[in-house]
Amino acid sequence: MAEPVVRIPDAKVALSTASVYPESTATAFEMAGRLGYDGVEVMVWTDPVSQDIEALRRLSDYHHVPILAIHAPCLLITQRVWSTDPWTKLQRARSAAERLGASTVVVHPPFRWQRQYSRDFVSGIWRMADETDVRFAVENMYPWRYRDREVLAYAPDWDVTKDDYRHFTVDLSHTATARADAMSMVDRMGDRLGHVHLADGNGSAKDEHLVPGRGSQPCAELLERLARGSFDGHVVIEVNTRRAMSSAEREADLAEALAFTRLHLASSAGSGAASPAGPTAESRAPKPRVSHARPRIRRT
């Protein structure tokens, strides 16, 4: 019997520029290059550099780090970034992706109070997707919670699989906050899963974005399934490092996240193929626990 070989899928592993906050977009390019990420996803937000196409191009060229995705400014704090009109934001995000060579624009579903935008969102996303080769990958969100109350803040729905989109982004920190079954959501996305935001969470009402392996989400299981299937998108590390005591500690977190991702994207070719929508029984079986202890940072 032939020995199984390790197969590494074509999926590229990128660093979200949001992962270095409160440091700058420029710092994210520097860290991504130094740590060996395949590229970056630019979170367009209040940092002026994140909004400047030519500045982003110069950073990409200088650090030899390609821009693989653009995250449109959909957050509460970015309501005035690139216009107050949400469709103009998406048009600018598409233009930025086309000019910078990015294959994907990540977009959140509208807030419920954006009534006209939410009413036309599904058809509008299809219309924009038909006008470009750039993927518009709509990201799953979560209900907002306050004490025992749940507020549905997104429309048509925080669970984007309830609507018809050409491409999806799955975010495992968001599935944790929603207390949703992440792998069942991936099943529903099927071959329309075009983009992954890899982070972890423990089901807190707060969107945690932990380093993969530090929470309860099936980060390893998802990566292993992607490796066995035909996934042709990007895996983006989008974690919260605000509590890091230093730039060195932040970098150690991002190095750990990258190592975790590359480890679990390596799949035994002898384990059998499975598409994102069709896991094998083996992929559901319990796996040995692997320690992903946080690296110790020596301070002088």
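This is a predicted model: local features need pLDDT of at least 70, side-chain atom pairs count only at pLDDT 80 or more; totals for chains, interfaces and linings use all residues.
Biologist: OK, staying with α3: which of its residues are buried?

Modeller: Pro86, Trp87, Lys89, Leu90, Ala93, Arg94, Ala96, Ala97 and Leu100.

Biologist: What span should α3 have, and how far apart are its end C-alpha atoms?

Modeller: With 15 residues at 1.5 Å a residue you'd expect 21 Å, and the end C-alpha atoms are 21 Å apart, so the two agree.

Biologist: Where does Arg99 sit, then?

Modeller: Arg99 is in α3, which covers residues 86–100. Its relative accessibility is 44%, so Arg99 counts as partly exposed.

Biologist: Which residues does Arg99 touch, leaving out those up to four places away in sequence?

Modeller: Ile53, Glu54 and Arg57. Take Ile53: it's 46 residues from Arg99 in sequence, yet C-alpha to C-alpha they are 8.0 Å apart.

Biologist: Switching to β9. Why call it largely enclosed?

Modeller: Because five of the five residues in β9 (167–171) are buried. Both faces are covered: His167, Thr169 and Asp171 are on one side, with Phe168 and Val170 on the other.

Biologist: Which way does β9 run relative to β6?

Modeller: Parallel, with three bridges joining them; Ala137 has His167 in β9 as its bridge partner. β9 also pairs with β10 (193–198) in the parallel sense, over four bridges, and there Phe168 is partnered by Leu193.

Biologist: New topic: how many salt bridges does a search of the whole structure find?

Modeller: 16. One of them joins Asp159 and Arg188, at 3.2 Å from N to O. Asp159 is in the loop between β8 (149–151) and β9 while Arg188 is in helix α6 (182–189), so the pair ties together parts 29 residues apart in sequence.

Biologist: Is Asp159 buried or exposed?

Modeller: Buried, at 7% relative accessibility. Arg188 is partly exposed, at 41%.

Biologist: What about Arg34, which residue does it form a salt bridge with?

Modeller: Glu30, with the closest N and O atoms 3.1 Å apart. Both lie in helix α1 (25–35), four residues apart, or about one turn of the helix. Glu30 and Arg34 are also linked with Glu251 in a network of salt bridges.

Definitions and conventions: Residues are numbered from 1 along each chain as its sequence is written. Side-chain values use heavy atoms; hydrogens and water are left out. Helices (H or I, at least four residues) and strands (E, at least two) are DSSP runs, numbered from the N terminus. Buried means under 20% relative accessible area, exposed over 50%, partly exposed in between (1.4 Å probe, protein chains only). Contact means heavy atoms within 4.5 Å. The expected span of a helix is 1.5 Å times one less than its number of residues. Two strands pair if DSSP finds at least two bridges between them. A salt bridge is a side-chain nitrogen of Lys or Arg within 4 Å of a carboxyl oxygen of Asp or Glu.
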